[in-house]
4 protein chains.
Amino acid sequence: MEKFRFLTSGESHGKCLTAIIEGLPANLEIDIDFINEELKRRQCGYGRGGRMKIESDTVEIMSGVRFGKTLGSPVTLVIKNNDFENWQKVMIADPKNITSDKAFTTFRPGHADYAGSVKYNQKDLRNILERSSARKTAIEVAVGAVAKLFLKQFGITGSSKVLQIGNGKTEEEFRAEIDKAKAAGDTLGGKIEVVYENLPVGLGSFVHWDRTLDGKIAQAVMSVPAVKSVSIGNHHAYKMTGSEYHDEIFCEEGKIIRKTNNAGGIEGGMSNGENIVVTAVMKPIPTLRKPLCSLDCVTLEQTEAHFERSDTCAVEACAVVAEARVACVLADEILLKYGGDCMEECLKHFNN
Amino acid sequence: MEKFRFLTSGESHGKCLTAIIEGLPANLEIDIDFINEELKRRQCGYGRGGRMKIESDTVEIMSGVRFGKTLGSPVTLVIKNNDFENWQKVMIADPKNITSDKAFTTFRPGHADYAGSVKYNQKDLRNILERSSARKTAIEVAVGAVAKLFLKQFGITGSSKVLQIGNGKTEEEFRAEIDKAKAAGDTLGGKIEVVYENLPVGLGSFVHWDRTLDGKIAQAVMSVPAVKSVSIGNHHAYKMTGSEYHDEIFCEEGKIIRKTNNAGGIEGGMSNGENIVVTAVMKPIPTLRKPLCSLDCVTLEQTEAHFERSDTCAVEACAVVAEARVACVLADEILLKYGGDCMEECLKHFNN
Amino acid sequence: MEKFRFLTSGESHGKCLTAIIEGLPANLEIDIDFINEELKRRQCGYGRGGRMKIESDTVEIMSGVRFGKTLGSPVTLVIKNNDFENWQKVMIADPKNITSDKAFTTFRPGHADYAGSVKYNQKDLRNILERSSARKTAIEVAVGAVAKLFLKQFGITGSSKVLQIGNGKTEEEFRAEIDKAKAAGDTLGGKIEVVYENLPVGLGSFVHWDRTLDGKIAQAVMSVPAVKSVSIGNHHAYKMTGSEYHDEIFCEEGKIIRKTNNAGGIEGGMSNGENIVVTAVMKPIPTLRKPLCSLDCVTLEQTEAHFERSDTCAVEACAVVAEARVACVLADEILLKYGGDCMEECLKHFNN
Amino acid sequence: MEKFRFLTSGESHGKCLTAIIEGLPANLEIDIDFINEELKRRQCGYGRGGRMKIESDTVEIMSGVRFGKTLGSPVTLVIKNNDFENWQKVMIADPKNITSDKAFTTFRPGHADYAGSVKYNQKDLRNILERSSARKTAIEVAVGAVAKLFLKQFGITGSSKVLQIGNGKTEEEFRAEIDKAKAAGDTLGGKIEVVYENLPVGLGSFVHWDRTLDGKIAQAVMSVPAVKSVSIGNHHAYKMTGSEYHDEIFCEEGKIIRKTNNAGGIEGGMSNGENIVVTAVMKPIPTLRKPLCSLDCVTLEQTEAHFERSDTCAVEACAVVAEARVACVLADEILLKYGGDCMEECLKHFNN
């Protein structure tokens with residue numbers, strides 16, 4: 001992210017989540033209701049646990065926006081933790097009031113606990129859990145919502161959906177799979193799809209590996225917690241022949257068109273004008289009621305993994321987060337390609 | 001890539017391919033034979049066309065190495081194009097001797113031609129083909145070989161193999177599939193696997209999305225030409241339950257071990273000490289003898305795609321390139337985690 | 001800044017100033033009182049106007065620190081604007097309640113108003129003033145204070161002082177100069193010096209221009225608002241001969257020493273173990289009670305520059321900000337050279 | 001440098017100097033004669049030693065340019081070392097033929113030798129000298145020449161001159177000072193000025209410290225070997241009052257003008273449309289015929305500094321290098337502000 005830069009922060013049970021976005025042009029209208037709707041989309045989904053009711057996330061804008069429009073200065077977004085008073089004692093920054101409440105020492109397989117405790121030299125695994133939790137994706141969705149507001153100005157829109165959960169491939173089957181897993185104290189992952197429409201030709205590039213659009217999207221989506229696979233376009237690329245796979249090029253009424261989109265909108269590391277289609281696989285949630293074998297990080301004795309209140313399945317949320325991530329990549333690419341310090345200039349360059 | 005920085009350059013039929021690597025510590029032994037062997041690995045593989053015989057790539061070191069060891073200054077690698085004299089007239093930098101030899105104007109579906117010609121405002125598609133060609137991966141393999149030499153000092157080794165070509169899943173079937181496609185004037189893709197062994201715990205991080213190791217690997221591998229999918233670990237993550245998928249943690253003789261590696265060596269965006277296992281899907285090569293429908297970029301008239309001498313299948317090469325890319329990511333992460341300006345210092349920090 | 005990354009945000013009269021610092025190792029003790037003392041140092045100084053009394057800045061830590069130590073996750077610092085209720089109407093993010101209170105349209109020569117209004121397409125120059133104001137340096141001092149806490153762990157300490165204000169070269173003369181300027185409705189700049197002591201040899205590098213330590217310091221200090229000149233070491237370098245200027249090298253009791261430090265602690269783009277001495281020139285504050293000729297940005301009619309409550313002289317604050325900036329550069333260099341994900345690891349590498 | 005990216009490489013007596021520039025738009029005309037003239041400007045100057053005759057640098061383009069125009073792909077520039085055959089034995093990459101010819105072990109005060117040998121763990125100081133030598137600036141001038149060709153398309157032009165050498169302030173005095181120093185076996189530095197004209201308003205920004213134009217210029221110029229001070233605009237800023245210093249704003253025939261340019265073309269971290277005026281101080285060359293006290297890096301015994309053939313004064317070359325560096329910063333800023341993947345698009349955005 002070279003022009004649409006951002007940093008996010010915040011622990012799962014800390015005071016708040018924060019993001020600073022640097023690089024937005026001035027005079028972009030910021031619809032705070034839209035951001036909040038995106039946050040709501042992330043919180044919904046069958047299979048989520050009790051926390052979702054506590055959350056009801058809303059964003060507050062602390063800087064960079066005046067009278068509904070960006071100033072060109074960094075935009076700060078904050079999502080307060082409504083439950084913080086219950087965690088204050090446990091999450092306090094102050095060194096004077098250390099408590100071992102909510103401390104835990106058993107690694108959860110599949111989570112950051114083990115590697116994180118080694119890397120950051122921690123014996124209370126809460127010090128790892130708090131930031132490695134997927135809670136942080138709430139603020140990333142807010143950042144993505146701002147990116148989506150920017151993209152809308154260029155006519156670019158995105159959406160996402162769940163393709164599969166466990167072995168279920170329809171809404172009805174999703175619920176049955178989740179119910180079954182929940183009853184067993186188990187968890188599930190699945191497959192999701194993100195689509196962006198109406199893109200200009202030529203975002204990204206083949207000229208250097210770190211400028212390919214698919215490479216940037218892959219990083220953005222793979223770094224969503226629990227995502228283990230990212231694909232662009234038709235999943236069967238590996239077993240199709242060239243003549244089956246490649247999207248032939250036609251001209252209708254002076255317009256270049258395709259009749260297929262196996263490439264998922266990206267050829268040669270660039271957007272080719274077709275819909276960008278990204279799919280991703282999410283692994284099952286690592287925090288299980290049904291315990292897995294693990295170790296105590298202090299004694300190294302065999303024990304059962306810690307259980308922190310959790311969801312059975314968060315694939316729907318994962319789709320929303322992935323959609324937000326792709327928005328950020330596309331916003332960055334639009335800014336790189338068209339330049340512009342205010343929306344009027346960006347759009348003039350774009351419409352040229 | 002923050003510490004192991006590099007830029008590569010060069011056209012498919014230009015004078016040479018070049019890479020400058022900046023950020024290597026001093027006193028790393030550079031075994032040029034090893035680099036050349038890696039280049040050879042990329043050139044082999046059933047299904048490659050005639051060009052492979054012309055290439056027989058070897059690298060020349062132009063800077064940064066003295067008496068067999070790095071100086072800490074940027075290392076320059078050059079692979080000369082042995083066939084350049086036959087292309088000199090066509091690829092000359094000089095503006096005085098423009099020729100239309102080897103020009104072409106028909107978009108190849110699946111290649112960079114269409115989007116590239118729009119983006120870079122070109123009517124002779126050779127101006128797109130020359131850099132978008134996979135030829136440039138030769139120098140990327142050389143860069144990766146240097147990264148592998150660095151990683152070896154820490155005991156880290158990598159390998160790669162082909163998992164599937166078309167519908168073939170064994171060496172024998174690969175050849176049969178390729179022969180069939182070749183006879184039909186068609187092309188094939190496939191699936192490959194890259195494995196790195198003996199990694200320290202804690203490369204990458206969960207603390208910010210752009211520091212996750214899997215995200216960085218995903219970008220690096222997805223940007224290999226023709227790769228459309230990147231996965232870490234077990235492919236069935238989307239349909240397994242948490243209790244089936246997650247790798248339980250055990251302690252044997254004071255050592256933390258796993259009995260499974262579904263996570264592919266990465267949990268919470270970090271290496272967890274198990275083998276890193278990356279798989280990728282390569283689409284079929286876009287340049288087919290059997291012509292696809294396309295357009296002329298000048299007249300927009302319907303025509304057949306241009307055929308430039310090409311391979312039937314390059315999945316084996318793709319595996320070698322992906323392996324090289326992952327090496328660069330891991331070298332960067334080692335440098336970030338352990339610091340050090342000379343090998344002696346890097347290793348002292350590492351062995352601490 | 002590659003490892004010690006940060007973004008800051010906030011308007012002069014907005015809700016708050018915010019910073020997110022990403023890249024700190026875990027287990028660094030954060031002394032919030034020290035940060036607040038640094039904020040206080042910035043606010044003192046003869047010649048400051050009324051705002052300083054309103055400010056009395058204190059920082060709140062919103063993330064990244066638990067029980068007095070960093071977690072390795074991003075650290076969020078917030079300085080609330082205690083006067084915000086008086087500005088709420090003027091600085092509101094909401095689009096529904098637009099007011100023209102506190103709007104102004106006359107460019108202040110020497111300030112960002114003119115170029116900013118062109119760049120960001122603004123007619124109410126408050127939209128430029130709010131972020132271009134030096135108010136934002138408060139949060140930068142807080143970030144620098146965190147960097148200083150990190151540096152202290154390695155024995156590295158910094159300080160700064162005013163060398164000259166107007167024509168005054170002593171404390172007494174500074175005050176006389178400021179009193180005179182204030183009486184005339186005028187403003188003053190001056191010269192400051194930042195010194196860092198006890199640095200390891202070899203921060204920065206000569207191997208690539210963008211890795212020189214002096215280059216990074218120059219950017220960091222030149223970007224302090226109103227700074228127009230940055231120097232390292234003896235100011236008379238341009239008129240001294242080589243034999244007068246260069247710091248001869250001696251060995252006393254097995255230790256390499258210098259008897260002079262004309263180089264200001266940096267040779268070949270690297271720290272050489274001597275004190276790093278940086279001086280900078282601050283131009284006079286652009287907001288004058290005594291009006292300058294200017295234009296109205298809407299009518300382009302000649303008028304007098306806008307006067308917003310301001311200081312006569314802020315050279316002491318400038319020194320504190322410059323000192324904070326240099327701390328950030330040095331912290332980044334320490335992290336790059338020694339690596340480490342927690343303080344224990346950083347220090348082990350350092351002491352090796 | 002975010003869009004105009006480049007890496008350079010090469011040792012002083014190695015095979016060649018190389019640069020790869022990534023990020024240039026397609027269809028920029030590359031006038032190789034212009035690049036060579038810039039290289040010549042760097043080599044001239046009273047006070048240079050014998051090497052200048054050997055050098056007579058010329059550039060060869062290895063990639064990224066076809067028929068006189070850029071392709072959008074990385075541009076590779078090479079300057080061969082015409083004297084390499086005399087150095088082959090000493091600078092060979094091969095580990096088999098190590099020689100101690102041309103090795104040296106005495107630190108030169110003022111040079112990178114001491115800190116470099118500690119940082120990179122070297123006992124033969126040639127391993128430091130070779131890359132820390134100012135020889136590498138030749139390829140940086142070539143890169144800057146490409147940036148200047150780009151800037152010319154937007155009507156932006158640059159120049160530089162020497163302001164002072166030792167105590168000399170005129171051409172005649174420069175020569176007298178140099179002759180005197182040379183006779184004494186001593187060396188000299190001086191002051192230079194770089195001016196860029198015809199810039200658009202609004203390059204750089206105040207919104208975040210690392211986006212200020214003056215900050216970027218300061219880094220670029222301070223990292224020129226031997227530069228110890230960088231200033232923008234009037235040198236007397238520290239002792240002038242606000243009413244004396246700030247450039248009042250007028251309107252003549254509908255055009256905004258200034259009658260003074262004390263700000264040196266930059267206000268609020270942005271170009272304001274006036275000439276950008278940068279001055280820099282170069283310290284005297286560290287390699288003296290008249291020996292300085294120093295140490296042997298192996299024995300730590302007191303000795304006299306090593307003398308490698310050198311110049312008495314290189315201030316004229318320094319001016320050319322600084323001019324090249326500023327060109328790179330400005331080219332990057334133009335690319336960031338206006339975007340564009342080919343020159344036609346860049347210019348359309350610019351002229352909008």
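User: Is D:Cys297 buried or exposed?
Analyst: D:Cys297 is buried, at a relative accessible area of 6%. Buried here means under 20% relative accessible area, exposed over 50%, and partly exposed in between (1.4 Å probe, protein chains only).

User: Before we go on, what are the ground rules?
Analyst: This is a predicted model, where local features need pLDDT of at least 70, side-chain atom pairs count only at pLDDT 80 or more, and totals for chains, interfaces and linings use all residues. Residues are numbered from 1 along each chain as its sequence is written, chains are lettered from A and ligands numbered from 1 in the order in which they are written, and side-chain values use heavy atoms, with hydrogens and water left out.

User: What's the mean pLDDT of chain A?
Analyst: The mean is 95, and 98% of the residues of chain A reach 70 or more. pLDDT is the predictor's confidence in each residue, from 0 to 100. The model also scores ipTM 0.97 and pTM 0.98.

User: Back to the cysteine: where is D:Cys297 found?
Analyst: In chain D, in the loop between strand S15 (293-295) and strand S16 (302-304). Strands (E, at least two residues) and helices (H or I, at least four) are DSSP runs, numbered from the N terminus.

User: And what is D:Cys297 in contact with?
Analyst: Leaving aside neighbours within four places in sequence, D:Cys297 is in contact with D:Thr105, D:Phe107, D:Lys123 and D:Leu125. Contact means heavy atoms within 4.5 Å.

User: Switching topic: how many residues does the contact take from chain A and chain B?
Analyst: 96 residues from chain A and 96 residues from chain B. The area buried between them is about 7800 Å², with carbon and sulfur atoms giving 64%; that is accessible area (1.4 Å probe) lost on putting the two parts together, summed over both.

User: What rotation superposes chain A on chain B?
Analyst: A rotation of 180° with 0.0 Å of shift along its axis, at RMSD 0.0 Å. In chain A, the C-alpha nearest the axis belongs to A:Gln219, 2.4 Å from it.

User: Why do you say the copies meet through the same surface?
Analyst: Because 100% of the interface residues of chain A are also interface residues in chain B.

Notes: Copies are superposed by least squares on the C-alpha atoms of residues with pLDDT of at least 70 in both.
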